[in-house]
Amino acid sequence: MTTLAIFLGLFFGLCLFLRVPAAFAMGIGALGAFVYNDFPLTQMCQALYNQLDSAPFIAIPLFVLAGAIMEHGQISEVLINWIKFFIGKIRGSLGLVTIVASAAFGVITGSAMATISAIGRIMGPSLEKNGYSKPYIGALLASCGFLGIMIPPSIPGIMYASASGEKTSEVWLSTIGAGLLFVVLYCIINYIKVGRFETREEGPKFTPGEYIRAAGKTTWSAMPAIIMPVIIFGGIYSGVFTATEAGAVTCVYGLLYIVIKFIVTRSATNMKALVQSAVAAGISTGTVCILAAFANAAGRVITLAGVSAALTSFVTENIGNPYIYLLLVNILYLFAGTFLECNCAILILVPLLLPPAKALGIDPVHFGAITLVNLSVGNLTPPFAQGIFMSSKVVGASFVDIVKEIWPFLIASLIVILVVTYVPWLSLFLI
């Protein structure tokens with residue numbers, strides 16, 4: 001366990017006190033553990049290379065680029081208008097549109113921060129104009145941001161699959177039930193807090209024929225966003241291509257979307273969006289790759305030092321009850337999620353916590369759902385809640401004021417965590 005203490009001491013010490021980026025702090029921690037155990041450093045080099053020389057891992061830059069293209073291609077605004085057409089007359093509709101659009105936008109980006117930014121910049125002014133307070137808007141956006149992780153494809157889902165050895169497609173499916181439960185509970189909260197006091201929006205009166213034509217027109221304009229999940233899930237679950245190949249197909253689809261849009265509109269804005277997408281995707285991919293490579297090195301030294309085996313033995317001998325173990329895992333994940341970025345926490349904790357879970361008979365795909373839900377909720381948990389910081393920048397409200405409004409959403413999130421943890425069916429019914 002001394003190896004683990006050295007790694008965590010260097011990692012957290014450098015991250016929290018010296019402000020070293022998480023990826024490099026993890027690499028320094030892994031290097032310290034290798035030196036302490038007198039393991040050959042060639043093992044560390046091999047671990048760095050092996051993590052990146054992986055076919056499933058190629059899916060990450062491909063999906064990142066596809067999502068960036070669709071995000072900078074202004075597809076989010078079209079998607080919101082489509083959702084607003086169908087639910088825009090319900091009381092509290094703007095809040096409902098924000099929630100549903102955040103979940104739908106996850107199909108495009110799979111990133112919590114991108115979802116908060118894109119949806120917030122479009123919906124924020126409309127929500128404020130209709131009487132929603134800035135702190136409540138910030139709380140709503142922060143709470144909905146991680147719905148993009150629950151609804152596949154998601155980068156954290158790929159990271160868990162890489163760390164655990166499970167199929168990416170199964171990990172993606174395991175969080176859909178939780179994502180839908182989040183949407184339902186958040187819609188109820190929005191209605192209780194705001195919607196029931198809101199005047200029902202009056203829109204144009206449609207005859208049945210006019211409504212069908214208007215619905216068809218709105219749906220046609222949103223078709224680029226609607227087709228994407230059809231390509232991804234239709235291809236993967238029909239066996240036409242793997243999750244990695246789906247990333248490539250989706251990337252080509254995004255490029256074709258931008259090119260066709262440029263040909264039709266002849267607007268330089270579309271080519272500018274392509275350049276912005278490439279830059280954003282390059283930065284995100286570089287960050288994830290460095291993080292994953294050093295995390296694999298850390299996992300290698302922890303395994304070589306026998307830490308995973310010792311932890312598994314300790315859990316099976318002293319805990320034994322899978323329900324108690326999962327409760328402790330939930331507490332640890334929630335705590336880690338307040339300090340660490342989701343992908344970073346997955347790569348550090350899963351190699352440690354998954355072997356004892358398997359020894360206790362817990363399904364690794366179910367454990368993946370527990371992992372992703374917990375670490376996503378960490379975005380809402382003060383004091384270091386990334387989602388709240390991001391939403392405060394988007395809406396211009398203070399962190400403290402948003403925290404005062406976040407509690408109903410946080411309580412609902414804890415309920416979802418308990419349901420996902422102790423009702424495995426919710427995570428496994430689609431698999």
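At roughly what angle do the axes of helix α6 (residues 93-105) and helix α12 (residues 176-193) cross? The structure discussed here is a predicted model, in which local features need pLDDT of at least 70 and side-chain atom pairs count only at pLDDT 80 or more, while totals for chains, interfaces and linings use all residues. Residues are numbered from 1 along each chain as its sequence is written, and side-chain values use heavy atoms, with hydrogens and water left out.

The axes of α6 and α12 cross at roughly 165 degrees and come within 9 Å. Helices here are DSSP runs (H or I, at least four residues) numbered from the N terminus, and axes are lines fitted to C-alpha atoms over the stretch in contact, with angles running from 0 to 180 degrees between N-to-C directions. The angle makes α6 roughly antiparallel to α12, a label given to angles over 145 degrees. The crossing of this pair is right-handed, that is, the near helix is turned clockwise from the far one by less than a right angle. On the α6 side, G95, L96, I99 and A103 make the contact, and they meet V183, Y186, C187 and N190 of α12; contact means heavy atoms within 4.5 Å. Sorted by class, this contact has six nonpolar, two polar and no charged residues. In this scheme Ala, Val, Leu, Ile, Met, Phe, Trp, Tyr, Cys and Pro are nonpolar, Asp, Glu, Lys and Arg are charged, and the others, Gly among them, are polar.

Helix α12 also packs against helix α22 (residues 399-422), at an angle of about 150 degrees and with the axes 10 Å apart. These two helices are therefore roughly antiparallel to each other, and their crossing is right-handed. From α12 the contact draws on A178, L181, F182, L185, Y186, I189 and K193, and from α22 on E405, P408, F409, A412, S413, V416, V419 and V420. Twelve of the contact residues are nonpolar, one is polar and two are charged.

Y186 turns up again in the largest nonpolar core, which has 134 residues; M26, F146, Y186 and F367 touch the most other members. Such a core is a set of buried Ala, Val, Leu, Ile, Met, Phe, Trp, Tyr and Cys residues joined through side-chain atoms within 4.5 Å. Leaving aside neighbours within four places in sequence, F367 is in contact with residues including Y160, Y325, L353, L354 and A357. F367 also takes part in the packing of helix α19 (residues 342-359) on helix α20 (residues 364-377). The axes of α19 and α20 come within 11 Å and cross at roughly 145 degrees, in a right-handed crossing. Here C342, A345, I346, V350, L353, L354, A357 and K358 of α19 meet P364, F367, T371, L372 and L375 of α20. This contact divides into eleven nonpolar residues, one polar and one charged.

G378, in the loop between α20 and α21 (386-395), counts as buried because its relative accessibility is 0%, whereas D38 counts as exposed at 68%; buried means under 20% relative accessible area, exposed over 50% and partly exposed in between (1.4 Å probe, protein chains only). Beyond four places in sequence, G378 is in contact with G337, T338 and A385. D38 lies in the loop between α2 (22-37) and α3 (41-52) and has a positive phi of about 60 degrees although it is not a glycine. Most residues other than glycine have a negative phi.

How values were computed. Parallel < 35°, antiparallel > 145°, perpendicular 65-115°, else oblique.
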